[in-house]
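Here's a quick briefing on a few local details of one protein model. Have the sequence and the 3D view open while you read.

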Amino acid sequence: MCIRDRALLAILSSCNKAEPDLYNNLKSVNKLVLAQMTVSSTMTIDDPKLSEATGLKDKIDAIMAAMKIGDRKAAFTCSTYISAYIDMSQLQPGDIHIDHGAKIVDITLPPILTELRGRDINLTELHYRVNGLRSEISAEERAALKAAMGKALRERINDDPRYKSQLVSMATDKARGYFETLLSHNGYCANITFRNA
């Protein structure tokens with residue numbers, strides 16, 4: 001049992017007291033993170049192509065690159081993290097009902113929310129091939145690629161609801177199992193429901 005489990009078990013031991021005690025202890029948890037997902041993206045850096053050039057400088061760079069001997073290609077990956085959590089500070093006094101005789105606790109939890117928790121600080125290099133007269137991948141190119149990957153990941157997560165729905169589903173199952181298990185240590189059955197977001 002991890003430290004967080006022991007802490008919550010101590011909190012839930014207040015089931016033997018009145019609802020206000022359990023309510024205050026659960027509310028004091030504030031943010032209960034239940035699930036996390038990693039979403040990764042892979043992009044490459046290559047020499048500029050004349051067909052993709054948009055201005056005079058891009059065209060000159062593409063022509064110069066085509067004249068150089070050797071290969072220049074690199075692939076990098078970057079990940080971002082999404083978490084699902086319950087804001088326990090939104091718990092209301094009426095969300096908890098304890099039937100001491102039947103040993104049943106009914107808890108209506110605040111809705112499960114999701115948030116982006118940031119991304120990798122560094123790019124992970126998957127492939128790097130620069131030979132001949134080609135120039136090394138510059139720090140500026142890496143920075144531009146990292147910014148593009150971060151933007152692509154955010155758009156992918158926002159445009160595809162499957163990421164958040166899968167995470168919320170995982171968090172819902174974990175929350176139910178978590179509270180049911182912890183309450184069962186005190187001999188109580190738990191009925192866990194969630195408020196609509």
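At 34% relative accessibility, K103 counts as partly exposed, meaning it falls between buried (under 20% relative accessible area) and exposed (over 50%), using a 1.4 Å probe and protein chains only. Keep in mind that this is a predicted model, where local features need pLDDT of at least 70, side-chain atom pairs count only at pLDDT 80 or more, and totals for chains, interfaces and linings use all residues. Residues are numbered from 1 along each chain as its sequence is written, and side-chain values use heavy atoms, with hydrogens and water left out.

**Positive phi values**
- Most residues other than glycine have a negative phi.
- K103 isn't a glycine, yet its phi is positive, near 60°.
- You'll find K103 in the loop between β3 (96-99) and β4 (104-109); strands are DSSP runs of E with at least two residues, helices are runs of H or I with at least four, and both are numbered from the N terminus.
- N30 also has a positive phi, near 65°, without being a glycine.
- Look for N30 in the loop between α2 (19-27) and β1 (31-46).
- N30 is partly exposed, because its relative accessibility is 42%.

**Rings**
- How many aromatic pairs does the count come to? It comes to one, where Phe, Tyr and Trp (six-membered ring) pair if their centres lie within 6.5 Å.
- The ring centres of Y178 and F179 are 6.3 Å apart with planes at 90°, so this pair is edge-to-face (over 60 degrees; under 30 is stacked, the rest tilted).
- Y178 and F179 are both buried.

**A charge over a ring**
- K31 sits over the face of Y85, 4.5 Å from the ring centre; the rule wants NZ of Lys or CZ of Arg within 6 Å of the ring centre and within 35 degrees of the ring normal.
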